[in-house]
Amino acid sequence: MPKSLLRAASAVLLTLTALNVPPAYAEEAVAVTVNARAALATVPATGIGANHAIWDSYLGTDDTADRLKDAGVQVLRYPGGSYSDIYHWADHTAPGGYVAPGTDFDTFMRGARRTGAQPMVTANYGTATAQEAADWVRYANVTKGYGVKYWEIGNENYGNGHYGAAWEADNHADKSPAEYARNIVAYSDAMKAVDPTVKIGAVLTTAANWPDGIVAGGDDGTWNKVVLSMAGAKIDFVILHWYPGAYDKASHIPDMIQLTRRQIAAHAGPGSERIGIAMTEFNTGTSGAGENTQPGALAAADAYATLLASGVFTVNWWNTHNGIGTVRQVEGHTDYGDFGLLSNASCTADGSACEPAVNTPFAPYYALQMMSRFARPGDQFVKAATGQAKVVAHAARRPNGDLAVLLINTSADTAYPVAISYAGFGPAAGAPTVLTHVNGATGITSSTAGSATSQTLPPLSLTTVVVRPASAPAGLPGAPGQPTTTAVTDTTATISWPAATPGTRPIVKYEVHRQNGAITEQLGETGGTSLAVSNLRPGTRYTVNVIARDSGGGVSWSSSPLTFTTGTPATSSCTVRLTDQTNWGSGYVGSIDITNNGTPINDWTLDFTWPRTWQNLDGGWNATWTQTGSNVKVVASGPLATGATTNIGFVGSYSGPNVLPSVFTFNGTICRTQ
């Protein structure tokens, strides 16, 4: 082990000894790759959020506000989940529910201002009217001058019984997505008539989470399709909620967000690119299995970083205070099964266990605090990856040239040394600033330790390494503007971008780089602001960045990312049409029509690959179906004349976002997919 790793390991040993945890060290360093040229989303000023609830008697206390401020909370959502659809702000009542003293709207706003957080208000859709919502906007922004920008219309309104399960209050006789969409239009018009600057959010279902994908009787499509088609022109953002129920689901997030963006683009009409995505409720959702101990904190940091890097503009933890649930020991500490960031000192019904003092932070609190120190508003997320499944990496580039690397060790018993390599960034020599939160700690420690390339991660830990650049050249060009794409085919695309602002030297060329994990490959370069790229793979999702290079070799920051998907051949000897016939949220019946555009055949084979590891074939008909790994083969005998179409079907299952296959080969030829 190198001396730098030995020094870092000694610090870990002291930490583990203090916690009475026997140390174990991996023998080889985990490779961590950080690519400063593979840029992702810019860190928003609204990223770190939390929920407040009117049944929480500690909502309005200064201590609560100060705790949230110290965690770096930037958005506070009110009045609290499903209570939003029974709450009447003017008289501060929630018929059928409990309203704690000191939780009215003005008290909430006082606390939000003390925290320094932007408010996000959920208007009552279930038991109120558009006029009541408009009156709330008038009181908040005209009478009181609070400047509340973000307004949701209802909370989880698909849970009103329309799909069977009913937990959300809804007095409308018609509980369909079409009725919700009609009311979105009415609410938006009424609220913006009072204050045209407010941003209106509509509730959507989350990919691979019930009732996503389900079409109820009498509807023209799924909840999302109907709501976006009818109300897309009247909204400014969409609302997702996510309780994954496990700690290893962050890998689902890029597809979850990409599918949501695809739905917005397909159904919300012209200008839909303006519509943002907010995750207004998130929690790991595994009560009693580490919800408020260190496993929950690690999952929280990973999910927040992945969501924000994917372009979500706010992620709101559920909840600030929640209450005791199932109590058990998790990784050496008492887990109270509490979904809150902070203790509310509640006890079990039999009094056998009680939480610590009010506002004692639980482990996820420190995850939010670490996130606020790792990725600050205006920073730009960049790609990072590791060679060990137990170690997760995220990175963000700061405007001053520094690079922050967040490393998460999910192993309960092994300290991992890591060897960090950088692309598009040269780290300075010397020990960097290191922020660390370990299992059971009651704060984040700051030290100067290790090097930019060598650190050791304690078990169950969050570590942020802040690295200075070896040099900070002045006069570099600015980043190119947001790229766009046109003329996308199966193998080509034209990528264009607004010109970068020159620095002290003229810009001589632009380079287009494709992200491939944490590695980038240059697709081409040009002296102009548009590049036709070729040799692309059909049916493949590409994410690219553009950088500017000046006459002295100076390189700009990367542009914001552009993601696009290539199609299939415009003409082919075969055409395939896949439709989702019936969906139940974790599986579906797929129907495939195959048209033979070539010469007559007697026997044929159709091949395709599931895009994700969480997708499977459960059975098929009208042919012989087999699956090997992620590859599916369908074999049939019988004549298929020129121009003839045959139909086959299957049952598919999925446990994550269901990205449908789009590339099919028929007797070895790539088909045109409709």
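Visitor: How should I read the numbering and the values?
Guide: Welcome! Residues are numbered from 1 along each chain as its sequence is written, and side-chain values use heavy atoms, leaving out hydrogens and water. The model is predicted, with local features needing pLDDT of at least 70 and side-chain atom pairs counting only at pLDDT 80 or more, while totals for chains, interfaces and linings use all residues.

Visitor: How many helices and strands does the protein have?
Guide: Both are DSSP runs numbered from the N terminus: helices are H or I with at least four residues, and strands are E with at least two. Counted that way, the protein has nine helices and 36 strands.

Visitor: What radius of gyration does the protein have?
Guide: The radius is taken over C-alpha atoms, and the globule rule is 2.2 Å times the number of residues to the power 0.38. For 674 residues, a compact globule would be near 26 Å, and the protein agrees, with 26 Å.

Visitor: What percentage of the residues is buried?
Guide: Buried means under 20% relative accessible area, exposed means over 50%, and partly exposed lies in between, using a 1.4 Å probe and protein chains only. Of the 674 residues, the buried ones make up 54%.

Visitor: Are helices α4 and α5 roughly parallel or roughly antiparallel?
Guide: Helix α4 (residues 130-143) and helix α5 (residues 177-194) pack at about 25 degrees, with axes 8 Å apart. Axes are lines fitted to C-alpha atoms, for helices over the stretch in contact, and angles run from 0 to 180 degrees between N-to-C directions. Angles under 35 degrees count as roughly parallel, over 145 as roughly antiparallel, 65 to 115 as roughly perpendicular and the rest as oblique. Therefore α4 and α5 are roughly parallel.

Visitor: Which residues of α5 make the contact with α4?
Guide: Contact means heavy atoms within 4.5 Å. From α4 come Ala 130, Ala 133, Ala 134, Val 137, Arg 138 and Val 142. Their partners on α5 are Ala 186, Tyr 187, Ala 190, Met 191 and Val 194.

Visitor: Is Val 198 buried or exposed?
Guide: Val 198 sits in the loop between α5 and β6. Its contacts, leaving aside neighbours within four places in sequence, include Val 137, Trp 151 and Met 191. With a relative accessible area of 1%, Val 198 is buried.

Visitor: How far apart are the C-alpha atoms of Val 198 and Val 137?
Guide: Along the chain, these two are 61 residues apart. Val 137 is among the residues in contact with Val 198. Their C-alpha atoms are separated by 8.5 Å.
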